[in-house]
Amino acid sequence: MVSGFFRKGAFAVFLFFSAVLVLTGCGEKKSDKNNVSPAAADTSKSIVVFIPGVMSGSPIYEMLAAGVNRAAAEQPGVTAQVIEGGFNQAEWEPRVSALAASGIYDLIVSSNPSLPAIAQSVSAKFPRQKFLLLDGEIWGNPNIYTLRYNQWEQAFMAGHIAALVTMSAKEGAGHYRVGLVAGQEYPAMNNIILPGYLAGARSVDPSFTADFRVVGNWFDAGTGASLAADMFRGGTAVILCIAGGANEGVVQAAAEAGAKVVWFDTNGYGIRPGTVVGSSVLYQDKAAYEQTKRYLEGTLPFGEAEVVGVADGFVDFIEDDPHYITAVSPEIRAKQAELIRRIRSRDLPLRE
Ligand code: RBF
């Protein structure tokens with residue numbers, strides 16, 4: 001009797017506190033969320049954006065944070081927090097692991113080709129943690145969704161404009177060269193971006209080769225400037241820079257040498273009008289917003305890996321900026337416009 005009453009009493013107390021925890025949204029998040037109905041679960045979500053590097057100087061990360069924050073702000077009860085992981089890549093996995101271990105976050109969002117492997121490893125230890133990763137790819141992990149951009153297309157358009165501008169600057173040189181300065185080497189750079197860039201240049205003239213240099217990090221503008229100055233001295237006329245904060249040095253060196261730069265990921269014409277002659281962009285803010293929204297609506301297909309490009313509206317070349325129109329001749333712009341029209345209408349078969 002007594003013990004029966006006690007059990008019932010204890011059960012009532014347990015129910016009362018459970019109700020309080022659910023109503024106030026306190027308590028251990030993961031277990032609460034896994035036990036409530038999907039409709040109720042969507043009313044409060046906690047998202048963390050892990051920046052693999054720092055936001056300053058890397059618009060690809062600024063766009064990531066902006067897109068997630070916008071989606072979170074639209075839905076009451078959803079919080080988003082941005083954490084910078086810094087430039088020491090050895091610290092990224094332990095830091096992501098600590099975020100998962102905290103049990104605080106329903107979703108970890110990040111962006112970088114190295115993140116899928118990190119998330120895969122963290123996921124083995126924390127199998128209830130969900131990941132939304134952009135600019136990377138992994139298939140078949142039920143807790144990870146990835147979205148990658150068609151960077152062959154993005155780089156091809158950059159190579160095409162770099163080649164056209166190079167040929168007008170170095171007329172009659174016989175054979176030509178386009179420059180690329182990267183923060184570091186990585187598979188997407190070596191296997192997609194660099195070859196796509198060269199293919200774009202070679203679609204203008206097959207004699208093009210690539211002058212490819214690596215800064216060794218994503219922040220050192222001094223090294224970016226000295227690499228670029230050396231390339232310009234060697235006869236390269238246009239450099240595509242994909243080096244985060246080091247891009248600033250490349251642009252500075254180009255301005256000093258009277259040479260040109262092609263920008264990647266965002267519209268860069270305004271950074272140095274007249275020096276920046278192309279902008280091959282990604283709409284990562286749009287992707288981050290849409291995919292976060294899908295997650296909050298419960299429709300993000302975890303386990304899948306999607307690829308989006310020009311025809312899907314996530315990769316583009318900016319042609320309507322007044323600085324582009326002033327910096328680049330009408331003849332070159334007409335040729336670039338024709339290429340973009342063909343890529344947009346899928347008239348030009350390009351690889352992913
Ligand atoms: N791009 C940046 O703009 N800033 C960075 O700090 C940065 N860090 C990266 C670190 C690693 C390990 C890798 C593989 C790529 C990094 N990228 C960075 C490149 C980025 O993922 C993307 O390829 C470029 O922004 C071109 O779209």
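Reader: Is glutamate 338 buried, partly exposed or exposed?

Author: This is a predicted model, and in it glutamate 338 counts as partly exposed, at 38% relative accessibility.

Reader: Which residue forms a salt bridge with glutamate 338?

Author: The general idea is that side chains of opposite charge can pair when their charged atoms come close. Here the partner is arginine 341, with the closest N and O atoms 3.1 Å apart. Arginine 341 is also placed in the partly exposed class, at 42% relative accessibility.

Reader: Where do glutamate 338 and arginine 341 lie?

Author: Both are in helix H13, and three residues separate them, about one turn of the helix.

Reader: How many salt bridges does a search of the whole structure find?

Author: The search gives nine. One of the pairs is glutamate 306 with arginine 294, whose side chains meet at 3.0 Å, N to O. This pair links distant parts of the chain: glutamate 306 belongs to strand S11 (residues 305–308) and arginine 294 to helix H11 (residues 284–297), twelve residues apart.

Reader: What are the relative accessible areas of glutamate 306 and arginine 294?

Author: For glutamate 306 the value is 27%, which is partly exposed. For arginine 294 it is 24%, again partly exposed.

Reader: Which residue forms a salt bridge with arginine 344?

Author: Aspartate 316 does, and the closest N and O atoms of the pair are 2.8 Å apart. This bridge too links distant parts of the chain, with arginine 344 in helix H13 (residues 330–344) and aspartate 316 in strand S12 (residues 315–317), 28 residues apart.

Reader: Is aspartate 316 buried or exposed?

Author: Aspartate 316 counts as buried, because its relative accessibility is 15% and the cut-off for buried is under 20%.

Reader: What is the average pLDDT of the protein chain?

Author: The average is 89, and 87% of the residues score at least 70.

Notes:
Residues numbered from 1 in each chain as written. Predicted model: local features only at pLDDT ≥ 70, side-chain atom pairs only at ≥ 80, totals over all residues. Heavy atoms only, no water. pLDDT = per-residue confidence, 0-100. Salt bridge = Lys/Arg side-chain N within 4 Å of Asp/Glu carboxyl O. Helix = DSSP H or I, 4+ residues; strand = E, 2+ residues; numbered from the N terminus. Buried < 20%, exposed > 50% of the residue type's maximum accessible area, 1.4 Å probe, protein only.
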